[in-house]
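Please keep the sequence and the 3D view open as you go through the points.

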Amino acid sequence: MKYRAIKGTKDILPDVSHQWQYVESIVHQTMQLFGYHEIRTPIFEQTGLFARSIGELTDIVSKEMYTFTDRSEESITLRPEGTAAVLRAYIQHSLGEHNSLVKMYYIGPMFRQERPQAGRLRQFHQFGAEVLGSSSPYLDVEMMLIPVTIYTTLGIESFSLYINSVGCSKCRPPYKELLKTELKKIYDQLSPDSQRRVEQNPLRVLDSKDESDRKLIANVPLLLNYLCNECSTHFEKVQSILNMLNIPYNIDGKLVRGLDYYTKTAFEITSTALGSQDALAGGGRYDGLVEELGGSSTPGVGFAAGIERLLMALEAIGNLRIESPSPQLYIVALDDEARQYAFKTAAELRSKGIAVELDYLERSIKAQMREANKLQSRFVLVVGSNELTSGKGLIKHMESGQEFSVDLNYIELPM
Ligand code: AMP
């Protein structure tokens, strides 16, 4: 029996993990620039938290969650997204009591039992941010600006921003009824998935991926034309801020997103460098969610972005050639005594912050030199009985071939 990673999950192998570390470092740096602090919540939570916040009728909750009963008979779910747990922590630790505005970000794995395909996994990784305590439209735009800044820092230019307003508890319910009436007129021609949504979640019919559905709903009324004053003023402000920043965007009146908690702004960022799964990031405002989860009424806005998709976009544009870390010095040892010297010296140099590699396989000098080359070590020091007797050795700078004499008891790298 050979065990394999579970379908839809992937090992991030040692030859590519530095690419992840690089992207993650840009995420951490950018979040810091914008004044966000990292929050790390558990990977699993009570199932009710997700059902309550994401919505019972969404695809995520109704068919994609990894839910199990633990040994205490409690229903547990592996987090399918980041927002619910961040808000749970915000409420549990009364974070809003100490600061009127709380800016947080996260980075880590999420779990959804979707049909695996290129760019769609069952364990995938997201980074995202949440701001709680303000209904300022500047923060809606900040949620777009953070991923945009990360993409441009990494050299990804080929992305598009789509924005919409999904209204609030005042203007959405009457629009929902109107949409339902319209959809019932074409009910028989809709796909089975959309038919199921007409009664309970009609807005989701708008973002159906089914071609024939899309034609049928081409001219249904859009919520954008039925927003209350507050929502439409907010939406206009978001647009004027984007204009001020010269960030190009498209208004997509059919963008509703797969999570039920959004109010007012919803947005998505897609990339033409990706295939059919072209969404890089998405987010929006969720002014009622903290209250829904038992906290006091607190406005909030956030975004989440996929890391696998980001890496795919980087690969597509040829920007994934991030160098893997290499040693500063490789010590080639020719006999037992030299191996002992190499191990001791490596420990000393590493304690001073110098990355050193050596041979553990008692290989020939030639094989050790080959290894040093393969690892792209900057310098190589060859040590045998002659060097140990004289206490002196030659350090070679691999790129230039230049050699420097060093004291074996006190090694200093020439540059
Ligand atoms: P969502 O939480 O569904 O709004 O997704 C936000 C972002 O996470 C998407 O734009 C994708 O980049 C990424 N994402 C969502 N689901 C998956 C998945 N199953 N596999 C890989 N990436 C995903």
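An oxygen atom of the ligand sits 3.2 Å from a polar backbone atom of Gly306, a polar contact in the sense of a pair of N or O atoms within 3.5 Å (within protein, one must be able to donate a hydrogen and the other to accept it, and residues adjacent in sequence count only if both atoms are side-chain atoms). Taken alone, the ligand exposes 480 Å², and the protein buries 92% of that; such areas come from the Shrake-Rupley method with a 1.4 Å probe, and for residues only the protein chains shown count as cover.

Please note that this is a predicted model, in which local features need pLDDT of at least 70, side-chain atom pairs count only at pLDDT 80 or more, and totals for chains, interfaces and linings use all residues. Residues are numbered from 1 along each chain as its sequence is written, and side-chain values use heavy atoms, with hydrogens and water left out.

**Around the ligand**

- The ligand has 14 residues around it, and the closest are Arg112, Glu114, Leu121, Arg257 and Ala279; a residue is counted here if one of its heavy atoms lies within 4 Å of the molecule.
- At Leu280, a backbone N or O atom lies 3.0 Å from an oxygen atom of the ligand.
- Strands E6 (123-132), E10 (279-285) and E11 (300-306) each supply at least two residues of the shell around the ligand; strands (E, at least two residues) and helices (H or I, at least four) are DSSP runs, numbered from the N terminus.
- E10 gives the most to this shell, with three residues.
- By type, the shell residues divide into six nonpolar, three polar and five charged. Here Ala, Val, Leu, Ile, Met, Phe, Trp, Tyr, Cys and Pro count as nonpolar, Asp, Glu, Lys and Arg as charged, and the others, Gly among them, as polar.

**Salt bridges**

- Side chains of opposite charge can pair when their charged atoms come close.
- The structure holds 23 salt bridges, each being a side-chain nitrogen of Lys or Arg within 4 Å of a carboxyl oxygen of Asp or Glu.
- Lys180 and Glu177 meet through their side chains in one of these, at 3.4 Å, N to O.
- Because Lys180 and Glu177 are three residues apart in helix H7 (residues 172-185), about one helical turn separates them.
- Lys180 counts as buried because its relative accessibility is 12%, whereas Glu177 is partly exposed at 46%; buried means under 20% relative accessible area, exposed over 50%, and partly exposed in between (1.4 Å probe, protein chains only).
- Glu199 and Lys184 form another salt bridge, with their closest N and O atoms 3.5 Å apart. This pair links distant parts of the chain, with Glu199 in helix H8 (residues 192-200) and Lys184 in helix H7, 15 residues apart.
- Glu199 is partly exposed at 44%, and Lys184 is partly exposed at 47%.
- Lys264 pairs with Asp287 in a salt bridge whose closest N and O atoms are 3.8 Å apart. Here too the pair links distant parts of the chain: Lys264 is in strand E9 (residues 263-271), and Asp287 is in the loop between E10 and helix H11 (289-292), 23 residues apart.
- Lys264 is buried at 7% relative accessible area, and Asp287 is buried at 18%.
- A network of salt bridges links Asp140, Lys170, Glu230, Lys264, Arg285 and Asp287.

- Tyr138, Met244 and Leu245 make a nonpolar surface patch of about 320 Å². Patches are made of residues with over 30% relative accessible area and no salt bridge; like charges are joined within 9 Å, and nonpolar side chains (Val, Leu, Ile, Met, Phe, Trp, Tyr) within 5 Å.
- Met244 belongs to helix H10 (residues 229-244) and is exposed at 55% relative accessibility.
- Leu245 lies in the loop between H10 and E8 and is partly exposed at 37%.
- Asn246 is in the loop between H10 and strand E8 (250-251), is exposed at 67%, and has a positive phi of about 60 degrees although it is not a glycine.

**Another positive phi**

- Glu362 has a positive phi of about 50 degrees although it is not a glycine.
- Glu362 is found in the loop between strand E13 (356-358) and helix H14 (365-374), and is exposed at 55% relative accessible area.
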